[in-house]
Each structure stands twice: as structure tokens, then as C-alpha cells.
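Please keep the sequence and the structure in view while reading.

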Protein chains: 2
Amino acid sequence: MSFTVTVRCARRAIGTRWLLVLVSLCVCVCVCRAASPQEEEDSAMENIVTEKRAEESHRQDSADLLIFILLLTLTILTIWLFKHRRFRFLHETGLAMIYGLLVGVVLRYGIHMPRDGTNVILNCNVNASPATVLINVSGKFYEYTLKRVITSNGNKVDDMSDNENEMLHKVTFDPEVFFNILLPPIIFHAGYSLKRRHFFRNMGSILAYAFLGTVISAFIIGLLMYGTVTLMKHVGHLAGEFFFTDCLFFGAIVSATDPVTVLAIFHELQVDADLYALLFGESVLNDAVAVVLSSSIVAYQPAGDNSHTFEGMALLKSFGMFLGVFSGSFSLGVATGIVTFTKLRDFQLLETALFFLMSWSTFLLAEACGFTGVVAVLFCGITQAHYTFNNLSPESQDRTKQLFELLNFLAENFIFSYMGLTLFTFHNHVFNPMFIVGAFLAVFLGRAANIYPLSLLLNLGRRHKIRSNFQHMMMFAGLRGAMTFALSIRDTATYARQMMFSTTLLIVFFTVWICGGGTTQMLSCQRIRVGVDSDQDNSVSDRGPERRSTKQESAWLFRIWYNFDHNYLKPILTHSGPPLTATLPPCCGPLARFLTSPQAYENEGQLKDDDSDLILTDDINLAYGDITVNTDASGVHTSSAGFASGMMSDDLDRELAYGDNEVVMRGTRLYYIFDMHAEDA
Amino acid sequence: MSFTVTVRCARRAIGTRWLLVLVSLCVCVCVCRAASPQEEEDSAMENIVTEKRAEESHRQDSADLLIFILLLTLTILTIWLFKHRRFRFLHETGLAMIYGLLVGVVLRYGIHMPRDGTNVILNCNVNASPATVLINVSGKFYEYTLKRVITSNGNKVDDMSDNENEMLHKVTFDPEVFFNILLPPIIFHAGYSLKRRHFFRNMGSILAYAFLGTVISAFIIGLLMYGTVTLMKHVGHLAGEFFFTDCLFFGAIVSATDPVTVLAIFHELQVDADLYALLFGESVLNDAVAVVLSSSIVAYQPAGDNSHTFEGMALLKSFGMFLGVFSGSFSLGVATGIVTFTKLRDFQLLETALFFLMSWSTFLLAEACGFTGVVAVLFCGITQAHYTFNNLSPESQDRTKQLFELLNFLAENFIFSYMGLTLFTFHNHVFNPMFIVGAFLAVFLGRAANIYPLSLLLNLGRRHKIRSNFQHMMMFAGLRGAMTFALSIRDTATYARQMMFSTTLLIVFFTVWICGGGTTQMLSCQRIRVGVDSDQDNSVSDRGPERRSTKQESAWLFRIWYNFDHNYLKPILTHSGPPLTATLPPCCGPLARFLTSPQAYENEGQLKDDDSDLILTDDINLAYGDITVNTDASGVHTSSAGFASGMMSDDLDRELAYGDNEVVMRGTRLYYIFDMHAEDA
């Protein structure tokens, strides 16, 4: 025993040594980067110079990326130390932001490097702005591609070339990188991990918070910000234009919550599973709502006549666009998710690769169609967790989980460390104290207007009421994170957008550090039960009295969907479930036989021998053995037949009870997988 | 039994249905992509137009990427069908090329879309070619970044805008993508999987083939091509300049072998392990040699005075550069590999993430320092497999293997399908029949000049001779692949480079399809033993008579390195091995105590109780239990003490025998991992 302690001490010592080495390495790279030689120009050997410059630029890019990699490495090592010492006040994302901030300070104030004078301004008389320009420089043609538009007043251009340090410019990524590379794996992972029993139990409430709540929050924040901006205009604190649509846009982007910090602590402390499901489900879905909401507002904005004022018609148009893009992305995501029923069980590498590619192609397909890739990827993730996951071999189930877990971890920490960095390196910050105070207040009130009234309404229909301490916790856990940042950095061209971006950054910092860090205090303050064993909870729900409540609890809409899913979708899309020949009306016999996988018959054949009274225990035993195939088949066999032959009330009841149990089982299994790995997250 | 057959049939039917759907989807996307609406310009609403154009361009990019994703998906599904039916004539890479070719044909001939007229030529009087240009278009500033230089003659520019279809232009990736994104995971994976017993046994031969052989091959091919080119100049078949350095460059890039197809079949058929090790080891290392060789030739090439002729001095300079870059990359790779001794065993996600990041930072660090990232990554992979792998938790060992396996699979298939595509979409192909015939002949002779003379020399010193049928097989397995392609596409500016690129493409196609497809025939023709059980081979080597041979077999250089590694490096860098206090001289006591991990003492403590005669059996038992820690410690304990106290000949002998056995065990374990997954590869 004392030996392991020694080992730990030695490891700790090594850990801290490492941190020192890495910090110094990080600083070294920064300094070296700045000191790297700038090539002198020589007009005689242009070709060589161009080649050398390309090489030099490649080396600098590598060094820039290296800074971020080292930052992430540093974050990982520090998190490890924290986890080792069970230090819960600072989550990895908060830490990543702090390291980002530090590197940002070094880059901004530690290194002074004048911008080289290669920025040539050409005054050309073309009345268009082509995507590609060929410039004839003394006989040679150089192809240039359009990078960005710089705002029209001439001062700005000079400002930029004077103040903006070449290096700061370099460490600034194209904002689209966040949207097209870093966000998709995060969102997909969220969708892919959503498949838990408590999520389905609380589906109605989660949908209400995520859809209705986010829209309410966006409008409340938008209106409050419009008030603030009008006040600022009166006082004279506003240096540029700020339209009502800008306020609405701000409301939309700031309404996407991301309580990753809070959820990590919830998981560690085993907080009530319903609360966890409510928070997690809401945060996953409201990201999608916020993306589509903000993009519909933007799509309306440049309407040609420059009337950024409130219009009933335009609102309707935006709403229509919202519905269109959302349902398009949703159906695309679900469709691709459903199509990916991988049947390559014998070749795990192929299976995993195919799974990964199909998920990615959902994103690309949605983007190519003009929908929102992120939303499509989210619903693709949810569908794949619900259907495709059952078709995967056990190795691939682990592999895909681990792969997306890793991608999620890397992308998330990268975004948060970039957030920290950008506070100092972004060159167009507009910090307006009045706007910031207004925004904090509006965010607080917007969250309150989402949680409390909706909880009141939902409690009217819920059997398990959402207690007031849960409501306070949800209110408190309204952190803002990666999605808010990605949406706000996407366009920082105008004064209004710059002010929004700076304010958003502060909101993210504040909520992640203060609200995230205070989670344990808040939990004990609100007297929320911790250490709840989710399994114990499960076994209780198998008992008789709970059965009825399961039925009561599920909304009628959910029940209809559930039956449809269980009797038709699952048999068609997975190997599990009852054969379609049993669930479809007899007239569809040939179709049913065509669509049913032979394995489903196999399972049915096995079941015929069993006594249906034994199904429940049988179910549980099987659930821990070969979960994917047998559970469904056994849990459903009798009831589905009942369903097909007239849907008797009692049968439906049993079906739901078994069905829920099945969800429980699968939920539990997933929970174990989580349990093994989520600790690292 | 008959049931599984039915299932299989059903699956096959589904598989073929899928393929049809995917092919049509792929074509659909291509066509839709072409038909996507082109935005009309309107000078009044420029801002909106710019925004819309950016959006449109993003959508098109997504669609382009989607084509590749669908191609990969198609490849995976077809491979699955092939694997299912044990169809060995076509490897996945060959298949990826075929699909790429088909899509290339569709893009080239199926779709006619005129290039839109947005390509404006500005004639500006600047005598420099800046990296960024600000263009003042009626008051607004547009920032353009330099993309490429177009060759000086005015016709070319017109040619390009006329002939080159906008779409073909779009599906052409920046060549640096291959070098900086796709190649590193492939090369790292190769290095990371190199840790096998037979590799170390044949180390001397492998190094000879890879280093000496590749240089010989490059120079032979270079000289032969120079002859061909001189002949072409006389006959008048040469339309541009082609210098001697170009010939040498061609020799270097074409000398990188990539027998991935052959090795996959070797693995499946369980071909002799020594032959496998020779081929695999050579192909991994000669990639590194070829990269550095070609870049040293290029670095010498633009020497200002345009003398592309042969010079003794310049050759020496190139050689110096080769040594410098190679040793720099090598030491950087090894150093980073050694530094990554992950001690986060309790948190697998952090461990995997750290491992991934450190490997990537090796690449970036090397590139930032001006070395070759690919070479650094290769040696980083080898070192990590040798040291870091032992420190990882078993879960992370699996995770990292699987992660890099997946990345390797995706990157490799992407490169090969892009290769197929590029045969039709690349716009500057120069197919010269004479050059092509010359190149095929030169490649054949170059490979022969590598294998046969070196084998003759090596057989003088080897105990296990490399038989002539092995030599023929190695000759036959000299396929060219991803590395050759990436090196040749990197620079296609001049006529010579374009001709090289087109010829290289044909060489890759020919070798992958013909040589790759004919592997099984060649094996049976050369009467090479298949179905060799690697484990059986292992157990034999534990017997008495084999022990001596082990010693004889290992070269003296290898033995010295092995002892150093085992007694000093492994104890310092991993938890395994004997404690340093036992291996270092007594005067270094404090240092030894500081560097030794407590776990090593722990292992030693356990061993003191064991009878040293039992070590061998003990070793084997432990090897299958907790391999990383105990095997080394037990296998080495007595012998290392003997080594420290004067290195008796008998002790050294036993040490080597045990040591080899240890390599065997680890090799075997890896083999199992491979065995499980390599089937999919």
C-alpha cells in the first residue's frame, strides 16, 4: 500500500517537471516563431524567392499549429494532475481557456514584430470583385484568391496594416474552420451519446425546453438588448449602427447552452439521472435550434432595402426559413442515419471506417443542399445511436464510441483554448461596458424566462414534477460554450458584430469559470441528492407498481412513435425487433418478407419455445449477454403480436413496460461504457 | 448451417443493392454539382453578392468533398464484398484507383461546363509578388492571397481559362495536403506497426536494402533516364527542358516502394515471416530515404546560375544536406518518441489524446525546424512502438492501434482514389511514349540493381541466406504507391515535372494492378512456403539448439545496441526492465536511484523470490498475463546483473536468448492484435 503511494508521488513529481518543460517549450516556440528570419526580396530571382517564401510560410504555419498542439498537451497534463487530486473547481475546458489566455498575452504583449511591407494596395478600376484574380507582374501571372472584404472606410485598412502584428494575424483561424471542422465531431458525439433511458422518459420536457425555451430566450434577450442599445444611442455610447435584427441575432447565438463542465461534475458525483437527462438533452437540442434560428435571422437581414427594423412579414419569412432549414436538416440527418445500417460485422475496420464516412457525408450533404450541417449531424448521431449502433459488432461499438470521444475531446479543448487566445489576439474587439452589463442581465433574464415558466407549465402534465431546486440548478447550469463562440466569430465584419463577439467571449468566460466552478457548491446549496445509483433506479422500474406509471409518464405522442418505431422501423433497420410478418397487416405479406432480415426469424424461432411468462427475467439475462439481437426480440414478441391483432389496452401496457425495460437495459449498457470512459472526458 | 448461408445470401443481395444505390448517388452528386446555379452578378448589391458567392463556393466545396467520401464508401463496400468472397486479385487500393478513374472519366467527359468569366486579369505595375494584395474596387478593399504562379508565357494563361473546366479545377487538391495531412498518419502507422521480432532479426539486411539499395536504385534510374532523355532530345521528342537533376529527382521519387497490396496477401496467406519482415521493413524505411533524397536534390537544383549539369561539388553538397536533414529528422523523431512516456494510465482518453498530439507535434516540430516531418514521424512511430507502447494502459494500446489503423486506412484509400481521379482531371499531363517506356525499363533495372547485388553481399554474412526465390519475390514486390505519388504531385510547374508526374502515375497503376494482382501466382510460381505459423516458429526458438543460433544471427552492432537499450534506455524510459541501480556502475548510484521508476524495484523485489531456473517458463506465463511490466523484468533480471559485473560471455549469451524470447513474446502479442484487425485492412 505504501508502495503505490511512493509511485504516485514519483509520478506527481514527474508530472510537474513535465509541465515546466512544456510551458518553457511553449514560450520558446512562440519566441522562435517571432524571431524566424524574414526573407529579403530580390527582384532578379523571383522564382526562388517565391518558392522560399512559400517554404517559410509553411514553416511558420507549422510553428503556429505547434503552439496549439502544445497548448492542448499542456491542458491534458494539467487535467491529469487535477483528476488525480480530485480537484473539481476547474474543468478542462476552463483550464484550456486559461492557458489560451496566457499564450494570447505572450503573443500580444511579449513579442513585437512589425508587419512586413508586402501588403500592396492596388487601385484597379474593376466594378466587380472576382473570386480569382490573375495579376500580371512583369510578365509572370500570379493567381490570387479572394480572402475577405475589408470595410469600406479607408482608415480601417491603414489601421490594420499598422497595428496588426503579422503573428497575431497568423494565429487567427478562418472562422469557418470552427463550423466545418471542429463543431461537427462535438455535435455528433453529443447526439451519439444521447441514447439513454432517462432521455426518452423526459422527452417532452426536453423538447419543450430546447425548442420553445430557446426561442423564448432568444426573443427576450433580443428585446432586452434592443432596449439597451436604444438607451446607449440616447446616451451617446454607441459608435456604430446596431439594428434590431442584430439584437435578435445576439439573442439567438447566446441562447445555445453548453453545460459540459456541469455535466462532467454531475456524472462524477452521480447526480439524479432525470436532472442530468433534462440538462444534457436540452443543451444538445438547443444548439441545433440556435444555429438555425441565427441563420434564419441572418438570411433575412440583408434584404436589399436596408430596413433592419421590425416587420411582421419578415418575421414570418424567417420563421418559415427556420422551419424549412430545420426540417430539411433533420430529415437529412435522420435519413442518412437510418441508411447506415452497417452489415460488415466481420470486418471491424471497414465497419468503423464506413460509420465515420457516412456520418461525415451527412454533414457535407446537408451543407451542399444548403441546410445546416451541424443540425443534420446531430440528428444523424441520434439516429445512429438508436438504430445503427445495434447493427454494429461489439468491437465497432467500442471503436466508434472511442473515436468520437477522442475527436470530441480534442475539438472541444481546441475551441476553448482558442477562445482564451482570441481575447488578446483578436484585433477588432469592441468592449462597451454598458452593452456588456446589459448583455449579462439579458442572458440571465432570458434563461429565467426559459426555465421557470416552462417548468410551471410542464409540471401541470408531469407525474414526476420538476422540483424548484432542479429548476434553480438548470437556471444556474446555463453555461455558454463552443457553439455560442463559433456562431459569434463567424462574422465579425460590422461594428455590431464585433461588439457582440467581445461580449459573447466575456459571457463564455464568466459562465464557464464561475457557474462551472460553483457547481458542487450549488448542488449542496440546493440539496440535490448525489450518489444516485442509476442501476438501482433501473431495477425498481421493473417492478409492478412502476409499470403503470411508465405508461402515465409517457406522453401519447411518444407512445405512438414508440410503437411505430418498435414494430416497423427497428425490424426494418436493424437485425433486432419482431419480424415484420408479425407486425404488418397480412395483406403486406410479401413486402414484409422481403424487408425482414433472416436473423429476425431466427430470433423468433428461438422465442417460440420460451414461456412468455419468463420473458422478463429472460430479457434481463440476455441483456447482459448478447444485447443487440435478443433483447428486442424477446421483449417484444408477444406484445407485438397483440399490437398487430387489434392493440388491446393491456397488451399495449405490457409492451410499454417491456419496452421501457428494454430501453433501460440498453441505457444501462451504454452507461457502463460511459462510466469507463467518461471519467476521462 | 443452412441458415447462415441464407443470411449470407441475403446480405450479399443487400450489398449489391447498396453498391448500385451508391454508384447512382455518386453520379447524381457529380451531375448536380455541375448543374448548381451560377449566381448572376449585380454591381449594386455587391456585398450580398460576395456573401452569396462565398456561400455558393462553400456549398460546392462540400459537394466536391462529398464525391470523395462517397468514393471511399463505395470502395469500402466493394472491399467487403471481395473479402467476403475471398477474392484476392484486387486489393482495396487498386479498387480505389479504379473507382477514382471512373469518377475522373465522368468529370472529364461527362460534364461540360464553361468556366465562368470571373477570372479577371489585372495588369499592374508592381515589381514584386506580394503574399497578400488589397484591391480597391470602387471604394471597398478586397484582400486576396497568393495561390500560385502561372508560367510566364501568355498563351498558357489563356489555355487554362479556356480548356480547364471550373469543376476539374475544384476537385484538384493542393498537393501539400498529401504531404501534410494524408501522408503523416500512413507513415506513422507503418512505423508504429514495425515492432516485430523478425524485423529486429533482419535489421542489418533491411537497413542495407532501404538505405544503400534506395540510393543505388535512385542513381541507376537517374542515369538511365538521363540516357533516355538525351536520346529523346536527339530524336526530337522532347518539347521542353529536362536536366540531369530532374532525372536524379525522378530516380529518387520512383525508388520509394509501397508493397501494401503484397503485404496484405502475405499476411492473409501467412507467408514466411522473414520475407514479410524484409519487404515491410525495407518499404517503410525507403520512403524516408526517398523523401530526403529528393528534397536534397531539389534544394540543390535552383542554384541561381541555372547549371543543372552534373557537378562533383554539388553532389557532395546534396549528400551533406541529405545527411543533415535525415539525421535531424531522425533525432527529432526519436527524441519526441522517447519523451512521450505517458504515465496517465488511469485516464485512457487523456492518454490516447496525449499520444496522438505528441505524434502530431513531432511532425510539426520537424517541419518548423526545416527538417522533413514525414521522416521524423516515421522514427517517432518506431520509438513509440518500442518504448511508449509499454507504458500505455492496455486499453490505450488498443485505442492507439485502432485509431492509427483507421487513419491509415482512410488516408491510403483516399490517396489511391485521388490518384485514379487525377489521371483524367489533371490538366497538364504530358504523356511521352518514349519517356514512359524508358521509365518502366529504368524502374525495373533500378529495382534489380538494388535487390540482387545487395542480396549477394548480404548472403555472405547471413546465416539464414536470402534464397533466390525470396529475391525474385522482393524484386516483383517493388510496387510504387502513395509516397511516390505525393512526391511527384508536389511540384508540377515545369515541363519535366509534368512528364514525370504522368509517367509516375502510370507506373503506380501498373505495379499496383499487375504486380499486386499477381502476388498469389508469383508465390506459387516461386514455390514460397505459405501457411507458416508464426507461433510455432516462436516456440521452437525457445529450445536449446536455437539459442546459439540466435546469437550467431544477430550482428555485433545490433547486439551492442540491444544491450544498451535493454540495460539503460528501457529502464529509464519505461516502467519495465531491470532497475538502473543494477545496471549502472556503483559510482552512479544516486543518479540511478533518481531515474529508476519505483515500479522497477517492485518487479525486482518479486523476482528475488523466484528461482532463476524457472524464469523461462515464468516468462512465458507472464507474457500472456501482464506483458508490459513483468516480462522484461523477469526475462532480464539475472543476466543484467551479470552484464554489470563484467559481461561474461555465457551471461551475454543467455541474455540474448532471453532477450530474443522477450521480443518474440511481444511480437506474438502484437501479432494477435494484428491478426484480429489486419484482416480488415
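A salt bridge is a side-chain nitrogen of Lys or Arg within 4 Å of a carboxyl oxygen of Asp or Glu. By this criterion B:R399 and A:E405 form a salt bridge, because their closest N and O atoms are 3.2 Å apart. The model discussed here is a predicted one.

**Salt bridges between the chains**

- Side chains of opposite charge can pair when their charged atoms come close.
- A search of the whole structure finds 6 salt bridges over all chains.
- In the pair of B:R399 and A:E405, the closest N and O atoms lie 3.2 Å apart. The pair joins two chains, because B:R399 lies in helix α15 of chain B and A:E405 in helix α15 of chain A.
- B:R399 counts as buried because its relative accessibility is 4%, and the limit for buried is under 20%. A:E405 is likewise buried, with a relative accessible area of 7%.
- B:E405 forms a salt bridge with A:R399, and the closest N and O atoms of this pair are 3.1 Å apart. This pair also crosses between chains, running from helix α15 (residues 394-425) of chain B to helix α15 (residues 394-425) of chain A.
- Both B:E405 and A:R399 are buried. For B:E405, the relative accessible area is 9%.
- Which residue is 215 residues from B:E405 in sequence, yet 9.4 Å from B:E405 in space, C-alpha to C-alpha? That residue is B:A190.

**A salt bridge within chain B**

- The side chains of B:R447 and B:E282 meet in a salt bridge, with a distance of 3.0 Å from N to O.
- This pair links distant parts of the chain, since B:R447 and B:E282 are 165 residues apart. B:R447 belongs to helix α16 (residues 433-461) of chain B, and B:E282 belongs to helix α11 (residues 273-300) of chain B.
- Are these two residues buried or exposed? B:R447 counts as buried, at 4% relative accessibility, and B:E282 is buried with a relative accessible area of 0%.

**Helix packing**

- Two packed helices are described by the angle between their axes and the distance between the axes.
- In chain A, α8(A) packs with helix α9 (residues 244-254) at an angle of about 135°, and their axes are 7 Å apart. This angle makes α8(A) oblique to α9(A).
- The crossing in which α8(A) passes α9(A) is right-handed.
- In chain B, the axes of helix α6 (residues 176-192) and helix α18 (residues 482-489) come within 11 Å and cross at roughly 165°. Angles over 145 degrees count as roughly antiparallel, and α6(B) and α18(B) are therefore roughly antiparallel to each other.
- The crossing in which α6(B) passes α18(B) is left-handed.

- A:L224, A:L441, A:F444 and A:L445 make a nonpolar surface patch of about 380 Å².
- Which helix gives the most to the nonpolar patch? Helix α16 (residues 433-461) of chain A does, with 3 residues.
- A:L224 has its place in helix α8 (residues 203-235) of chain A. At 34% relative accessibility, A:L224 counts as partly exposed.

**A mostly covered helix**

- How many residues of helix α17 (residues 468-476) of chain A are buried? The number is 7 of its 9 residues, and the helix is mostly covered.
- The buried residues of α17(A) are A:N469, A:F470, A:Q471, A:M473, A:M474, A:M475 and A:F476.

**Two loop residues with positive phi**

- Phi of A:R527 is near 55°, a positive value in a residue other than glycine. A:R527 lies in the loop between α20 (519-525) and α21 (534-541) of chain A.
- A:R527 is exposed, with a relative accessible area of 75%, and the limit for exposed is over 50%.
- For B:R527, phi is also near 55°, again positive in a residue other than glycine. B:R527 is found in the loop between α20 (519-525) and α21 (534-541) of chain B.
- B:R527 counts as exposed, at 73% relative accessibility.

Key: Residues are numbered from 1 along each chain as its sequence is written. Chains are lettered from A and ligands numbered from 1 in the order in which they are written. This is a predicted model: local features need pLDDT of at least 70, side-chain atom pairs count only at pLDDT 80 or more; totals for chains, interfaces and linings use all residues. Side-chain values use heavy atoms; hydrogens and water are left out. Patches are made of residues with over 30% relative accessible area and no salt bridge: like charges are joined within 9 Å, nonpolar side chains (Val, Leu, Ile, Met, Phe, Trp, Tyr) within 5 Å. Accessible areas come from the Shrake-Rupley method with a 1.4 Å probe; for residues, only the protein chains shown count as cover. Helices (H or I, at least four residues) and strands (E, at least two) are DSSP runs, numbered from the N terminus. Buried means under 20% relative accessible area, exposed over 50%, partly exposed in between (1.4 Å probe, protein chains only). Axes are lines fitted to C-alpha atoms, for helices over the stretch in contact, and angles run from 0 to 180 degrees between N-to-C directions. Angles under 35 degrees count as roughly parallel, over 145 as roughly antiparallel, 65 to 115 as roughly perpendicular and the rest as oblique. A crossing is left-handed if the near helix is turned anticlockwise from the far one by less than a right angle, and right-handed if clockwise.
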